[in-house]
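Colleague: I have this one open on my screen. Take me through some local features, please.

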Amino acid sequence: MADTSGQKKTVDAVVVGAGFAGLYMLYRLRGLGFTARVFEAGKGVGGTWYWNRYPGARCDVESMDYSYSFSDELQQEWRWTERYSAQPEILKYINHVADRFDLRRDITFSTRVTAAVFDEDDDRWDIRTDTGEQVSARFCIMATGCLSTAQVPDFKGRESFEGKWYHTGHWPHEGVDFTGQRVGVIGTGSSAIQSIPIIAGQAAHLYVFQRTPNFSVPAHNAPLDPDYERSVKANYTEFRRQARESRIGFVVERNDKSALEVSPEERLSEYEKRWNRGGLGFAATYTDLQTSKAANDTAAEYFRAKIRSLVRDPAIGEALVPRHYPLGTKRLCVDTGYYETFNRDNVTLIDIKKSPIEEITPHGLKTRDAAFTLDSIVFATGFDAMTGALMSIDLRGRGGETIQQKWAEGPRTYLGLAIAGFPNLFAITGPGSPSVLSNMIVSIEQHVDWIVDCMTYIKEGGFAAIEATAQAQDMWVEHVNDVGHMTLYPQANSWYMGANIPGKPRIFMPYIGGVGAYRQKCDEVAAKGYEGFSLR
Ligand SMILES: Cc1cc2nc3c(=O)[nH]c(=O)nc-3n(C[C@H](O)[C@H](O)[C@H](O)COP(=O)(O)OP(=O)(O)OC[C@H]3O[C@@H](n4cnc5c(N)ncnc54)[C@H](O)[C@@H]3O)c2cc1C
């Protein structure tokens with residue numbers, strides 16, 4: 001790489017982001033002899049697991065699944081301590097990977113990529129950072145994350161608050177001790193559901209401001225069973241193969257029946273079995289839970305009864321019961337003692353759909369009907385999912401057209417990997433790919449492997465550039481939409497639909513056709529000489 005006094009550096013590839021995706025991308029690029037530079041806004045590796053240090057943060061895909069498969073030595077030597085590992089352990093793992101494969105030397109930390117502009121004269125990307133660096137790269141790879149742009153609602157008076165406020169996705173590294181404090185948590189999505197039981201154990205009083213109740217299934221987290229660990233490690237190759245070919249990137253017990261074809265007694269016993277096992281496998285109890293409202297209602301009713309049975313005060317139980325969208329169409333949460341937390345005397349649930357937050361005040365916040373004095377506010381308000389990170393870069397393709405123009409009506413990609421008008425640019429787990437509907441490490445590895453194969457094809461074929469055709473992209477977008485609309489997902493105001501961001505177009509962004517089927521499609525595209533792409 002040239003790095004001489006003020007001259008523009010040149011590399012084969014710039015990778016933006018050093019989470020699971022960016023790190024594996026760098027590893028593969030190096031292995032194939034591509035020169036690469038990774039830019040990461042954070043001070044360290046880890047992405048999601050670097051930023052989300054809130055109490056209770058942990059994965060909800062089991063750790064034996066939610067880990068890299070690319071190195072057998074790595075997967076054999078690493079030992080997870082719990083069924084679902086907590087954030088510090090996952091971060092330790094990612095740091096271990098960075099060290100074990102000597103990745104840090106090509107990563108520039110504390111540096112945000114602010115612009116990436118395609119130069120049509122030499123088919124290269126001109127990449128600029130907030131530290132004034134400028135790099136010219138043949139390929140630009142966006143490993144910027146689907147859930148990396150924290151969303152803090154713009155409440156009136158937010159800046160006037162005299163206490164401390166936090167977003168779960170930007171948690172202070174030194175941790176926060178809420179002992180003796182009056183704390184308000186705004187939001188009841190996955191991060192809130194994980195953190196509320198722990199914050200409630202510390203705070204003098206916790207006020208939970210809920211707009212939409214969520215369905216959450218118990219994790220039944222526990223130390224990892226050594227027999228289970230041994231059996232997975234003895235068969236890891238097969239275990240990973242099955243995950244890659246599965247619907248969601250990990251194997252859950254499937255049932256080939258409709259929820260409507262079995263007796264109510266059988267259904268109840270099956271739901272009970274899954275609830276007691278814990279975790280996301282609940283959503284696979286019957287084949288039609290995501291496609292038939294009547295089938296879904298049976299599972300949702302089961303959940304509602306469970307919530308009522310866990311919460312002592314019937315009025316609070318009712319307020320925690322989700323009613324207005326099918327189960328699983330907003331991300332199903334996985335918790336440890338969430339509903340039971342509302343049995344504590346120091347926890348109050350406030351329904352902000354009925355009585356919206358009107359403003360943040362110097363000493364707390366005001367809803368339409370009441371004022372609350374707070375020492376700290378926790379925004380568990382999620383992310384500008386799937387598009388936020390890309391849309392905050394000044395990203396310009398052919399003819400100077402910006403991503404903001406291209407995606408004004410919602411994201412459009414070919415396979416979630418490439419964008420027409422943006423040659424030699426790839427997105428890892430972009431909108432239009434299974435991404436957030438899957439075990440993301442499986443999806444990340446698949447995308448990275450596909451991208452490096454494609455780059456090798458370009459290099460060896462002597463091509464200057466590859467670009468998705470507008471026609472292939474249109475067809476893919478239509479397919480993603482069609483498949484999405486065969487399910488109940490679009491019925492919910494979810495972040496999958498962009499509904500948590502004011503003004504964001506309502507499009508069902510991820511591809512729900514299944515991880516295995518999607519992989520097959522990507523492989524076919526490659527086997528046909530990159531069908532749907534134009535090569536120059
Ligand atoms: C709390 C939480 C729990 C989760 N649990 C699971 C789970 O159990 N299973 C699962 O499959 N998925 C889970 N996810 C999703 C998780 O995001 C992915 O599994 C995975 O970590 C994504 O890795 P990534 O590298 O693609 O993105 P990220 O980890 O988000 O990394 C992207 C990185 O890019 C950097 N970046 C972005 N823009 C720029 C820029 N312009 N310049 C420089 N750097 C930039 C960011 O700082 C970030 O570090 C969870 C997400 C959250 C928030």
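Modeller: Helices (H or I, at least four residues) and strands (E, at least two) are DSSP runs, numbered from the N terminus. The model is predicted: local features need pLDDT of at least 70 and side-chain atom pairs 80 or more, while totals for chains, interfaces and linings use all residues. Residues are numbered from 1 along each chain as its sequence is written, and side-chain values use heavy atoms, with hydrogens and water left out.

Colleague: Fine. Where is Gln87 found?

Modeller: In helix H4, residues 87-100.

Colleague: Is Gln87 buried or exposed?

Modeller: Gln87 has 7% relative accessibility, so it counts as buried. Buried means under 20% relative accessible area, exposed over 50%, and partly exposed in between, with a 1.4 Å probe and protein chains only.

Colleague: And what does Gln87 touch?

Modeller: Leaving out residues up to four places away in sequence, Gln87 touches Trp49, Asn52, Arg53, Ala57 and Arg58. Contact here is heavy atoms within 4.5 Å.

Colleague: Next, H6. Which of its residues are buried?

Modeller: H6 covers residues 226-234, and its buried residues are Glu229, Val232 and Lys233. Down the helix axis they fall within an arc of 95 degrees, so they line one face of H6. The arc is taken over the directions from the helix axis to the C-beta atoms. As background, an α-helix has 3.6 residues a turn, so residues three or four places apart point the same way.

Colleague: What do the buried residues of H6 pack against?

Modeller: Two helices: H3 (72-77) and H7 (236-245). On the face turned away from the buried side, H6 carries the exposed residues Arg230 and Ala234.

Colleague: What happens at the start of H6?

Modeller: A side-chain oxygen of Asp225 comes to within 2.9 Å of the backbone nitrogen of Asp227. A polar contact is a pair of N or O atoms within 3.5 Å; within protein, one must be able to donate a hydrogen and the other to accept it, and residues adjacent in sequence count only if both atoms are side-chain atoms.

Colleague: Pockets now. How many residues line the second largest pocket?

Modeller: The lining has 24 residues, and Glu62, Tyr228, Phe250, Val251 and Val252 lie nearest the centre of the pocket. H6, H7 and helix H8 (264-277) are the elements that give two or more residues to that lining. On a 1 Å grid over the protein atoms alone, a pocket is an open set of points where a 1.4 Å probe fits, with protein on both sides within 12 Å along at least five of seven lines; lining residues have an atom within 4 Å of a point.

Colleague: How do the residues of the lining divide?

Modeller: Into ten nonpolar, six polar and eight charged. Ala, Val, Leu, Ile, Met, Phe, Trp, Tyr, Cys and Pro count as nonpolar, Asp, Glu, Lys and Arg as charged, and the others, Gly among them, as polar.

Colleague: Over to Ser355. Where does Ser355 lie?

Modeller: In the loop between strand E12 (347-351) and strand E13 (357-361). Ser355 has 7% relative accessibility and so counts as buried. Beyond its neighbours within four places in sequence, Ser355 is in contact with Thr367, Arg368 and Asp369.

Colleague: What does the side chain of Ser355 make a polar contact with?

Modeller: With the side chain of Thr367, at 3.3 Å. The side chain of Ser355 also reaches the backbone nitrogen of Arg368, at 3.4 Å.

Colleague: Backbone angles, then. What is the phi of Asp123 near?

Modeller: Near 55 degrees, a positive value in a residue other than glycine. Most residues other than glycine have a negative phi. Asp123 is in the loop between strand E4 (113-119) and strand E5 (124-129). Thr429 has a positive phi of about 55 degrees and is not a glycine. Thr429 sits in the loop between strand E18 (425-427) and helix H14 (440-461), and it is buried, with a relative accessible area of 4%.

Colleague: Last one, Ser494. What is Ser494 in contact with?

Modeller: Apart from neighbours within four places in sequence, Ser494 is in contact with Thr329, Lys330, Ala499 and Asn500. Ser494 and Thr329 are 165 residues apart in sequence and 7.4 Å apart in space, C-alpha to C-alpha. Ser494 lies in the loop between helix H15 (470-485) and helix H16 (515-527), and at 2% relative accessibility it counts as buried.
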